[in-house]
Amino acid sequence: MAIAETPTTSTAAPEAAKPPSGKKATHWLSLLVLFLGALIFLFPFYYMIVGSLQAEPDTSLRGAFPTGGLTLDNYSQINERVDLLRSLANSGIITGGVILGTVVFGILAGYALARLHFRGRGTLFAVMLLVQIVPFQLLIIPIYVMIVRTYGLADSYLGMILPFAINSTAVFLFRQFFLQLPEELFSAARLDGAGELRILWSVALPLVKPAVLTAILLTFIGPWNEFLWPFLVTKESDLQPLAVTLANYISNVAGRAANPYGAILAGAVVLAAPAVALFVAFQKHFTASELGSGVKG
Amino acid sequence: MSETTTAEKAGPAASRRPAARLGSQPLGILFAAPYAVFLAAVFAYPLGLAVWISFHDYFFAAPGAQVDRPFVGFENYTAVLSDPEVRKSFLNVFEFLVINVPLTVVLSLVLAAALNTVVRARTFLRVSYYIPYVTASVALVAVWLFLFKEDGMVNQIMGSFGPNPSWLVNSTLAMPVIAVFVTWKQLGFFILLYLAALQNVQKELYEAASIDGAGWFRSFRNVTVPGVRPATTLVVILATITGANLFTEPYLLTNGGGPNGASTSPVFVMYQKGIEQGTPDVAAAIGVILVVIVLIIALISRRILEDD
């Protein structure tokens, strides 16, 4: 049903805004609630940046609005303790691997589930839904046994990528978007003698390009922010993603730094910035209607 | 799931020809194969392995070593269920869910409904709400540690009204703080879900309610809430799953499930018992119990949804 809407919710808004005609008071009240909410959501991010720039931690209310004395010292401090660039690169490699796996194999699977009749399709679809209910964390012990003990993939990028290699929510999204394309498109292409791979590549894929971007954004969140799994399978700090190095810093080394909170918050800013920047830049592709058809069955 | 029936119907009727037995477009098997193999390797097989480990005396051995791992029946399960640490962690998650789920449902629905009536600043507001959702827990925990520490800003503002002992080292408050943290972090995603669901509520219903003289609250209660009920079921299921997953917050925010185990979670105990203490059999039993609980909750919620 989400296709009926325009991709950006903001353009669909004028109709939705009809109810408060003549009810100015309620309208202003909801605006007040919304902006108050936004303040609560954004303040910790603002405070993260301010805290990372303070030479001495000032936790008073006034300290949140400094008038001067800001410094980048905390950034060089955390960079001395942990290799920020190296950790960022590791996060990027792991996330890139997951996105690559999801895009290549997820699109193929999504296309097959939506457009091809083959034996076992129903079963595959059911398992795909089940996977989204049973969280990965609950299977952490057997997956650890398999990947670390049986295959010896501890301290390797492959070991960190493998459990997330194809994001099932993204596969579901791909299926939904291929399903929404008109059948005539496919029968016409098949009549012309085009093979399925050719149809997928030059007919279907160009039509769902924005959806692919949505799926990539959604896939990005998992591996970039994941802590538990890379934490379990890596001992070498050279291979750890930033979420793990920062967490280790918080729980082990923080006591030794001159301004531990400043250094921690500086690390937090470096970890948060790429994700925030990405989702602000591509916010058009991460809206209710884009996701709505994906999360619903 | 209509494709299940069509796939099965096509099966027996055409089973004479080997090619047709694979379906009318067997190429689909090839397309879906990598994903199917992936699901088998990181979902189906581990699920089976978890059950197998939980019924055996399983321990980590040197790679390649031949070791005897005898069948022990329900021994690991009785060990788990009689362990006060494990019971505490389940109670903690229960407390987490009691706070987190209602808070999530109410706040995300109210904010989504309000957001739905706004035209200007809509993009700014929407993005503000989902920013915590896309940010790493580890980064957000860092700020909350700073905000809620003994002499942090929250206690500075509250002055003598601040709790003693402070938030994160207070055994009554540690779990509620984690529950509020997770609510705040996840809320943006649920707002998007409700926003999508609100597009399906018929505008005429609001008009009818307004003709009947219903105010904002009555039309919210009588039109909006019933109109998004399927989404509410989904929100409840997903929020519960998030609760069953809890690890990073007790590990970092309350320094390892502290104080005195007041904020441990089952996944945290699994990590302690399975990896740190080297009893993966007991940890696997905790995992199996959690999977069963999550599936039961999902089934019950679906039943409620289908009753409509």
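Student: Why is Asn255(B) called exposed?

Tutor: The model is predicted, so local features need pLDDT of at least 70, side-chain atom pairs count only at pLDDT 80 or more, and totals for chains, interfaces and linings use all residues. Residues are numbered from 1 along each chain as its sequence is written, chains are lettered from A in the order in which they are written, and side-chain values use heavy atoms, with hydrogens and water left out. Now to the label: exposed means over 50% relative accessible area, buried under 20%, and partly exposed in between, with a 1.4 Å probe and protein chains only. Asn255(B) has a relative accessible area of 64%, so it is exposed.

Student: Where does Asn255(B) lie, and what is its phi?

Tutor: Asn255(B) lies in the loop between α13 (248-253) and α14 (266-276) of chain B; helices here are DSSP runs of H or I with at least four residues, strands are runs of E with at least two, and both are numbered from the N terminus. Its phi is positive, about 55 degrees, although Asn255(B) is not a glycine. Most residues other than glycine have a negative phi, and most peptide bonds are trans.

Student: What is phi at Ala121(B), and why is Ala121(B) called partly exposed?

Tutor: Phi of Ala121(B) is near 65 degrees, again a positive value in a residue other than glycine. Ala121(B) has 33% relative accessibility, so it counts as partly exposed. Its place is the loop between α5 (84-116) and α6 (122-134) of chain B.

Student: Which residues does a cis peptide bond join in chain B?

Tutor: The bond joins Asn164(B) and Pro165(B), with omega about -5 degrees. Pro165(B) is in the loop between α8 (153-158) and α9 (174-198) of chain B.

Student: What makes Arg115(A) and Glu183(A) a salt bridge?

Tutor: The rule asks for a side-chain nitrogen of Lys or Arg within 4 Å of a carboxyl oxygen of Asp or Glu. For Arg115(A) and Glu183(A) the N to O distance is 2.5 Å, and the pair meets the rule. Arg115(A) lies in helix α4 (residues 84-115) and Glu183(A) in helix α9 (residues 183-191) of chain A, so the pair ties together parts that are 68 residues apart in sequence.

Student: Is Arg115(A) buried or exposed?

Tutor: Arg115(A) has 9% relative accessibility, so it counts as buried. Glu183(A), at 39%, counts as partly exposed.

Student: What does Arg190(A) form with Glu183(A)?

Tutor: They form a salt bridge, with the closest N and O atoms 3.9 Å apart.

Student: Why is Thr219(A) called buried, and what is it in contact with?

Tutor: Thr219(A) has 2% relative accessibility, so it counts as buried. Contact means heavy atoms within 4.5 Å. Leaving aside neighbours within four places in sequence, the contacts of Thr219(A) include Val98(A), Thr102(A) and Asn167(A). Thr219(A) is in helix α11 (residues 209-225) of chain A.
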